[in-house]
Amino acid sequence: MSVACGPAYELSHVFTSPADALKYQCTLLDQDHEALKEAEDNIISIEKNLGSKLKVRYIEDSVRTMLRTPDLAANWGQFHFIYSMGLFDYLIPTVAKAVIEKIYDLLLPGGELLIGNYHHDNASKWFMEYWHDWVLYYRSEDEFMELLAETDAVEISVKFDDTGSQMFLSAKKPLDAEK
């Protein structure tokens with residue numbers, strides 16, 4: 001599942017052979033209808049290149065819905081892998097914590113989570129804010145990992161992209177976790 005999926009261009013790197021179309025299924029969540037339409041167009045392009053139909057579910061919904069729905073798994077299902085790139089950069093700590101806990105609850109036991117966020121030492125921060133009016137919520141490694149403090153997550157780690165600007169928080173749900 002991709003949360004705040006945008007155009008989901010990365011799926012062209014996941015679905016690289018017809019066998020992948022049989023092996024994987026994905027759920028794309030975004031509140032923006034146009035983003036989901038672009039993701040759907042991307043999926044159609046991948047299907048044409050592979051000559052195979054992909055199993056894709058599109059959910060047009062928001063973080064607000066996520067936070068106010070008591071049992072998201074009943075509505076959206078549970079997943080082996082959930083990722084989100086570009087959402088948490090806009091969420092204040094209390095909202096980010098609530099959202100990551102909701103996402104974590106959607107993981108199956110043994111499932112993995114991967115979340116992106118810009119680091120507060122991002123060298124281009126001032127350029128982004130001044131020239132592009134692109135203001136984000138930056139975090140440190142500890143602040144990022146703290147978002148999972150109320151979960152039973154294991155193997156929690158933070159890695160960086162090659163520039164050191166973007167962080168990736170990864171964690172697993174224990175195999176013995178309750179469904």
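This is a predicted model: local features need pLDDT of at least 70, side-chain atom pairs count only at pLDDT 80 or more; totals for chains, interfaces and linings use all residues.
Five salt bridges are present in the structure. One of them joins D20 and K23, with an N to O distance of 3.9 Å. Both residues belong to helix α2 (residues 18-23), where they are three residues apart, about one turn of the helix. D20 is buried because its relative accessibility, 8%, falls under the 20% limit. K23, at 56% relative accessibility, is exposed.

A further salt bridge is formed by E47 and K53, whose closest N and O atoms are 3.6 Å apart. Here E47 has a relative accessible area of 12% and is buried, whereas K53 is exposed at 66% relative accessibility.

The salt bridge between E155 and K172 has its closest N and O atoms 4.0 Å apart. E155 is located in strand β6 (residues 154-160) and K172 in strand β7 (residues 166-172), so this pair ties together parts that are 17 residues apart in sequence. E155 is exposed, its relative accessible area being 57%, while K172 is partly exposed at 27% relative accessibility.

Aromatic side chains form two pairs in the structure. In one of these, F15 and Y24 are arranged edge-to-face, with 6.2 Å from centre to centre and 85° between the planes. The F15 side of the pair is buried, at 3% relative accessibility; Y24 is partly exposed, with a relative accessible area of 35%.

A contact between a charge and a ring involves K173, which lies over the face of Y104 at 5.0 Å from the ring centre.

Terms used:
Residues are numbered from 1 along each chain as its sequence is written. Side-chain values use heavy atoms; hydrogens and water are left out. Rings of Phe, Tyr and Trp (its six-membered ring) pair if their centres lie within 6.5 Å; planes under 30 degrees apart count as stacked, over 60 as edge-to-face and the rest as tilted. Buried means under 20% relative accessible area, exposed over 50%, partly exposed in between (1.4 Å probe, protein chains only). A charge sits over a ring if NZ of Lys or CZ of Arg is within 6 Å of the ring centre and within 35 degrees of the ring normal. A salt bridge is a side-chain nitrogen of Lys or Arg within 4 Å of a carboxyl oxygen of Asp or Glu. Helices (H or I, at least four residues) and strands (E, at least two) are DSSP runs, numbered from the N terminus.
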